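The sequence and the model are shown first, and the commentary follows.

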Amino acid sequence: MKKGVYSLVIFSLLTSPAFAAEDEEAKVRGSIEAGYRVVDDQDNNRAHFIEFKDRDDDFFTSFDLSVQKGSYYLDFMGNELGLNDQSYLLKGTNYGKFSYEFFYEETPHNMSFDAKAPYTGIGSQDLDIDNSTIGSVADWSSFDYSVDRKEFGAQVEISMDTPFYVNVGVQRRQQDGIKPLGGGSFWLNMEMPEPVDYTTDDITFQGGYRNKNLHASVQGYWSTFDNTNKYLTQPNTGESQTLPPDNDYRKLSANLSWRGLPYQSMLAVRTSYSKIESHFSVDDLNLTAPAALNTDTFDGDVTYTQGSIALSSRPIADLDTKIYFNFLDKENDSSVIRYQDVRGLDVSNADQIFDYEKNNAGLDVGYDLARHTKLAAGYEYLDVDRRNRDDAEANTDHSLFFQIKNTSLDFLTAKLRYKRLERNSDFDNKSAGVNDPTDEDYIKRYIRRYDATDKSMDEIKLSLEIYPMDQLDFGFEYAYKINDYDETNLGLTEDKHHEFYADFVWRAAKKVTLSGFAGYEMTEADSSHRQFGAGDSASIDAVPTSTSFNWSNERDDDFITYGLAINLPDIIEKVSLNISWQYQESDGEINFSSQDGTLEDINQSDDYDKQELEIKAIYALRQDTDITLGYLYEKYDYDDLQYDDYEYSQTGSYLTGAYYEQSYEANVGYLMVAYRF
Amino acid sequence: MPNTGKKSLLLIIVMTLFWGVSPAMEVQADSIACADCHEKITADFQDSYHGRAWTGKKHSCQSCHGDTARHLDDPSQESILSFGEKSRQTADELNKMCLGCHESSSHISLWDMSKHNSNDLACINCHDIHTRKSEVAQPKVCFNCHSSVRMDAGKISHHPIVEGKIECSDCHNTHGSLSHGMLVEDDINQLCYRCHAEKRGPFVWEHPPVEEDCSICHAPHGSRHENLMKEKVSNLCQDCHNANLHSGRAYDGDAGFAATGRAGNIGFIARSCLNCHGNIHGSTHFENHVYTR
């Protein structure tokens, strides 16, 4: 409520210039909507229904005001006033001279309600086992996995009718709540409520010069992140589980774009330097220093240096070209930590401080052929060099694309695009010197990681827009993509993706608007693996045993969605009707094969279906006033083997119900009055 | 919070009564002829950003639509610079009118080399100039062309795009950018760090794909899988990890809570690998616990 009052006070002050000028009367426009909604849903399972919303039996209000006087105007908007998803925006400008903006926004993120845990101290960083309840799940403490985000800030830009401008912005983001965090070990895992109490403060600055042909600017960005909780006490061990560290992020960048060069050319250049730092100690994290620890403080220091240059031209009629080059260099100068583990072995993060450098260049051309046909083609090169990456030290990508687009027919626009990518990777065989297949490192010679390994990719996309009549539009799109990881023995070996999409809009005699869409997506992914234990052979050529064998899976994910909407203005006098309905279905399955032939397929893998129906009847009471009666129905059913027959407690392990019980069914009715002035 | 909602409603009603209603609209003198046939558009235009910006200035319908003299004699679409669906002008020709004033805007300084420009998108394909609110109606307008994104944004795990809490332009510079995907930042990670500052680290123990590119694991527009994962955990993790013991283990249909033999399998049930490896984005522990601490 206070936030609304403060906003209105500021609004009143900022509108005073509009009324201060003597020679012109201020124009005020706006609208107000107010209503009441009734929500009927199951309390426990409603987290997904209101994942980013606040929906309860309650009044709701929105408004939108504009004030204008001469060349000065001001807008003030607010939505869902007083609720957990409320937002306000106040912005004004005197054209060519200055502009400003104030904003406030709340966004809840509801993940799971009615989670349970046998801990004390839920919501704090100090968890402990509650011995009085641990024996019976029914006695465990209940809480919600939910994080509320609040963002507020302001921005001002001043140019005073000159080519020079300055823009300054400040923003604070606060996140409070609880989210799930896993920790522990394979036999003693604990799913824990992680306390979230984050504050991020940002300051941005931009100063520049702009005219018709030239834009040059310098930007600064400074952000600090503060996490009130640096660690979480694991309730079963009493040891610390670390949480995200405080950090500082500073960035300085410069941009230049220059038009009007010969051959209708434009040059754009960008460079930036940014640094992220963190600092914490063993004591800050409530840790016990391991043996032979070289330093009890860690200074994180990561820098990014980035540069880009691009030149677009029209060297001859109908030919457009663009040539570009980008580089990005990440340097990690963070502290090296060394210690001895419980076995007396030396351990260090020195080989896990990760850097990389990316160089990317490309050429795109487009040529206008006869009969409204445009041909485009391009080549792109990407080279990535990495330090301390366990497998691929470097990879090089070459990609080509071709596209043809035709608009020669009044009723049809057609576009076809093909892209091919070849990636070559410098595979670093970390087990080159390991000759004993029973050494656990022997397996590394087979493992390729899909983000950096050799692959070939083909992608084709076809889109059609058809306008057979003035009031009727159709759209069709088909896309196919296949990644073949040809050098991979163990890991992702191939993935394919098909996507179909169609939609239409029909405006019949200006009385009815009917629209619809349908989409179908099919994804297949194949991977190969080896299961083996201590002392077993890691060789993929070894004779299979009951504990060591090769296996593979084929994942098939289908997703289908379709919907219809109809808008009937003046269905009866002064009454309009809007109806929309959408359906989604997701169906996943995993088929296994193995040398030992004992694996069972999985038929429920993130399976769900969701229906949404909304009906709105709008009565035009007067030219400036509408009354809306609305109804919304949603039903979501989720099924996945990983959550079937859920058990909160198993020997030594505790789960809290995070993401369990996601299905819901909700009915919402509302009555709303809208007034425009 | 019923009381808060009621108080807000009362406050707004009082404020409205205080400010009152504006008098009749002002129409530029040489647009009066246009209003004879295009009454609603002309009236709406006065409340648009352009209408307000041009108050008291020598601008009118002709500033964008060209000389209207011929159109008054021949009211067909061909006799005037039309921005409608059946316009005979190319996107380049239409955009020239807008760029005549807006070329010096810093927001569109890279328009000439942008993907939208090279795909013949006209300003009016996204911007509705005549209405009171000329901001692009995101994401609906973007979804007109980007159907794949529309499908993803409607999936069960998604950024709050359709809820209106995030706009496409929060991540993408739709007028042009030197970054791939028309991102507003230099690369994907620095973009994600704007809102997800807790992922910046720097950490003692880094997870390489996290540091290199968030989109190796996440589908930012939406996914069927929780937390915007491209694949379901453990499939996602096992696509890269295969060591002895549990990371090479086959989590099949017999690995659930109702599994025969061993009662469930913590590497599969519920959140799978994340049941233990909670600090998957990086760990600040001084000992290497493989992201479990």
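Which residues do ring pairs link into a cluster?

## The aromatic cluster

The model discussed here is predicted. In it, ring pairs join F49(A), W140(A), Y608(A), Y636(A), Y638(A), Y643(A), Y646(A), Y648(A), Y654(A), Y660(A), Y664(A) and F257(B) into a cluster.

## Stacked pairs

Over all chains, 42 aromatic pairs are counted. W581(A) and Y583(A) form a stacked pair, because their ring centres are 6.5 Å apart and their planes lie at 15°. W581(A) is partly exposed, at 29% relative accessible area, whereas Y583(A) is buried, at 13%.

Y646(A) and Y660(A), both members of the cluster, are also stacked, since their ring centres are 4.2 Å apart and their planes lie at 10°. Y646(A) belongs to the loop between β31 (625–639) and β32 (649–650) of chain A, and Y660(A) to the loop between β33 (653–654) and β34 (664–676), so the pair ties together parts 14 residues apart in sequence. Y646(A) is buried, with a relative accessible area of 10%, while Y660(A) is partly exposed, with 24%.

## The interface of chains A and B

Contact between the two chains involves 211 residues of chain A and 138 residues of chain B. Together they bury about 14400 Å², of which 52% is on carbon and sulfur atoms.

Between chain A and chain B there are 16 salt bridges. In one salt bridge, the side chains of K251(A) and D186(B) meet at 3.1 Å, N to O. On the side of chain A that touches chain B, 83 residues are nonpolar, 66 polar and 62 charged.

Notes:
Residues numbered from 1 in each chain as written. Chains lettered and ligands numbered in written order. Predicted model: local features only at pLDDT ≥ 70, side-chain atom pairs only at ≥ 80, totals over all residues. Heavy atoms only, no water. Contact = heavy atoms within 4.5 Å. Buried area = accessible area lost by both parts, 1.4 Å probe. Salt bridge = Lys/Arg side-chain N within 4 Å of Asp/Glu carboxyl O. Nonpolar A, V, L, I, M, F, W, Y, C, P; charged D, E, K, R; others polar. Phe/Tyr/Trp six-rings, centres within 6.5 Å; stacked < 30°, edge-to-face > 60°. Buried < 20%, exposed > 50% of the residue type's maximum accessible area, 1.4 Å probe, protein only. Helix = DSSP H or I, 4+ residues; strand = E, 2+ residues; numbered from the N terminus.
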